[in-house]
There are 2 protein chains.
Amino acid sequence: MQTIEELQEIAIQIIENQNYLSEPKSLYEPIEYAMSQGGKRIRPLLALMASDLFCGDIEKAKPSAIAIEILHNFTLLHDDIMDESPIRRGMPTVYKKYNKNTAILSGDTMFAKAILFLIKSDKNHIPALVETLTKASIEVCEGQAYDMDFEKRNDVKIEEYIKMITLKTGVLLGSALKLGAITANASQKDIDYLYDFGINIGIAFQLQDDILDCWSNLEDFGKVTGTDIADNKKTFLYLKSLELASKEQKEVLLHYFSSTNFDKDEKEKAVKEIYEALNLRLIAKDLMQKYNSLALENLEKIGIDSQKKTNLTNFANKLMHRNK
Amino acid sequence: MQTIEELQEIAIQIIENQNYLSEPKSLYEPIEYAMSQGGKRIRPLLALMASDLFCGDIEKAKPSAIAIEILHNFTLLHDDIMDESPIRRGMPTVYKKYNKNTAILSGDTMFAKAILFLIKSDKNHIPALVETLTKASIEVCEGQAYDMDFEKRNDVKIEEYIKMITLKTGVLLGSALKLGAITANASQKDIDYLYDFGINIGIAFQLQDDILDCWSNLEDFGKVTGTDIADNKKTFLYLKSLELASKEQKEVLLHYFSSTNFDKDEKEKAVKEIYEALNLRLIAKDLMQKYNSLALENLEKIGIDSQKKTNLTNFANKLMHRNK
């Protein structure tokens with residue numbers, strides 16, 4: 001067993017020690033730029049923690065750890081084009097720094113590189129690893145498609161929102177753990193429990209993201225905040241507020257979420273006032289807590305000594321208290 | 001051994017009998033649209049021919065055949081955004097029919113689906129198949145990046161152009177054959193010869209494409225023609241014409257290739273006049289013939305009865321005489 005700090009250090013090292021540069025530079029420099037922006041490296045850390053949980057050889061989990069981080073960053077390159085997000089981790093996004101075509105093509109290359117990394121794994125693990133990563137990619141795309149659809153719909157249900165964030169965020173955390181567990185030869189049952197643990201912390205993570213987008217600031221969060229409200233994103237905050245709102249509050253919400261042409265500050269102020277009057281921050285935190293508890297129940301079911309699970313328990317609890 | 005017509009029929013059937021639809025529709029309908037546009041299905045046919053060449057079980061090559069066709073169509077979705085191509089196979093391209101974000105995201109999903117298809121192959125073949133397909137994807141992206149770079153450069157050499165079309169076109173044809181050969185348990189040496197055969201017919205194929213873009217029309221070709229000249233593409237025709245041009249002709253070429261703001265018809269007429277005066281069509285056809293001969297030499301070296309190679313020989317020769 002290694003400490004979470006040791007594993008975190010390994011996760012950072014293996015991502016940052018990779019050479020992403022090659023020819024042509026127009027294709028690979030944006031990849032190097034994207035991969036060197038830091039970030040929490042949560043997904044490779046999860047892959048390594050999963051391997052460590054089942055006493056696997058960390059070396060064997062490394063290709064998976066690198067693969068899932070490259071894959072995650074590929075989805076960011078393309079999502080940032082689609083969402084027109086100018087800033088990520090406090091820096092210009094790839095499509096802003098270069099251009100859209102570059103972000104498309106460098107993103108595609110990252111996707112292929114991610115899968116190619118898996119080929120460095122043990123031969124007998126490769127089919128399951130490739131299947132896990134490609135299925136996860138498809139589900140992330142489905143989540144992004146639902147997310148974009150929801151911007152245009154006025155009848156999104158909370159359960160649909162939870163499904164969307166499961167696909168868009170949960171699946172990649174669950175899959176990071178699954179990849180690590182596969183390389184450690186864990187049983188199918190344990191892999192499934194661990195995957196569900198990841199799904200549930202992913203949902204909690206995204207709810208936290210929604211809260212931070214609403215009640216944080218650029219400096220702390222590293223991203224422009226208030227974008228969910230500006231872009232009419234049907235987050236849990238919005239959907240739940242519609243359920244709880246008075247007739248007047250509902251009218252204000254529907255009014256402001258009918259267009260993206262409002263003054264951003266005015267709209268944000270009006271919507272946040274309602275969210276706060278309805279105690280939405282606390283309600284969202286309670287829901288986060290519920291998914292956190294579900295995650296810990298999944299972890300509980302894994303058939304190994306509970307002391308070995310400390311890293312993942314601590315990780316899940318730490319995620320509840322992040323501010324970026 | 002099956003006839004090329006039988007294999008062609010199987011190739012068409014396996015692509016057209018797939019169900020590409022799923023939820024959300026916004027993600028999958030564009031995939032269904034892209035995959036049902038017909039097209040020559042050359043890549044799946046090559047995968048099946050390669051399997052047949054080595055007396056493989058065609059069933060085992062089918063996942064690879066489907067995978068490479070989906071992958072090819074994914075690259076078209078993204079290339080058409082980058083190249084702003086409005087029409088393909090006589091129909092609006094995906095980004096024109098839907099929008100850019102849809103073409104990005106549906107393309108990404110197709111890429112993942114392509115790799116996922118390979119998982120249906122024999123377990124012991126999966127690592128080599130996945131490696132082949134992902135390496136090919138990376139090289140296709142590199143080719144596209146060089147292609148876009150060349151539009152801005154004035155010092156492109158013919159050998160650089162050949163490298164670019166090798167990456168952008170040759171690699172996928174070579175890889176289609178390689179995938180099929182892997183599923184038929186061909187020897188590494190034979191796989192390499194067959195791959196080189198594919199690379200060389202790919203180069204010949206692209207040279208033919210350049211000729212057709214210049215001297216064909218929308219109705220026959222299924223694509224808008226004259227786009228290479230309009231977009232300042234540094235094709236073989238252009239690069240070779242610069243080598244052969246008189247001082248005056250060179251000035252005209254450089255003038256017209258210095259901007260994309262000229263009247264399309266006027267520019268096309270002026271450039272084509274020079275190409276024709278310099279006999280470029282014949283020179284390009286000779287080069288095509290050279291690569292066709294190289295391809296046939298590669299085929300020759302494969303250690304099996306030459307009668308079995310008839311399908312591929314005929315295929316290579318037929319490619320030389322296509323008009324779309």
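Here is a short tour of this predicted model, one selection at a time.

Before you click, note that residues count from 1 along each chain as its sequence is written, and chains are lettered from A, ligands numbered from 1, in the order in which they are written. Because the model is predicted, local features need pLDDT of at least 70 and side-chain atom pairs count only at pLDDT 80 or more, while totals for chains, interfaces and linings use all residues.

**Stop 1: chain A on its own.** Select chain A and colour by secondary structure: you get 16 helices and two strands (DSSP runs numbered from the N terminus, H or I of at least four residues for helices, E of at least two for strands). The C-alpha trace spans about 60 × 50 × 30 Å along its principal axes. For 324 residues, a compact globule would have a radius of gyration near 20 Å, and chain A agrees, with 20 Å (taken over C-alpha atoms; the globule rule is 2.2 Å times the number of residues to the power 0.38). Of those 324 residues, 49% are buried, meaning 20 or more other C-beta atoms lie within 10 Å of the residue's own; exposed is 12 or fewer, partly exposed is in between, and C-beta atoms are placed from the backbone.

**Stop 2: both chains.** Bring chain B back. A rotation of 180° with 0.0 Å of shift along its axis puts chain B on chain A, RMSD 0.0 Å (least squares on C-alpha atoms of residues with pLDDT of at least 70 in both). The copies are thus related as by a two-fold rotation axis.

**Stop 3: where they meet.** Select the residues of chain B in contact with chain A: 33 of them touch 33 of chain A (contact means backbone-placed C-beta atoms within 7 Å). Helices H2 (25-35), H4 (58-83), H6 (100-118) and H7 (126-152) of chain B each supply at least two residues, and H7(B) gives the most, with 15. Colour this side of chain B by class and you'll find 19 nonpolar, seven polar and seven charged residues (Ala, Val, Leu, Ile, Met, Phe, Trp, Tyr, Cys and Pro are nonpolar; Asp, Glu, Lys and Arg charged; the others, Gly among them, polar). Since 100% of the interface residues of chain B are also interface residues in chain A, the copies meet through the same surface.

**Stop 4: helix H16 of chain B.** Zoom to residues 310-320, where B:Asn311, B:Leu312 and B:Ala316 are buried. Looking down the axis of H16(B), its buried residues fall within an arc of 130°, so they line one face (the arc uses directions from the helix axis to the C-beta atoms). On the other side, B:Asn314 and B:Lys318 are exposed. Finally, show what covers the buried residues of H16(B), including H1 (4-16), H3 (42-53), H9 (188-215) and H15 (280-301) of chain B.

Methods. Two residues are in contact if their C-beta atoms, placed from the backbone, lie within 7 Å.
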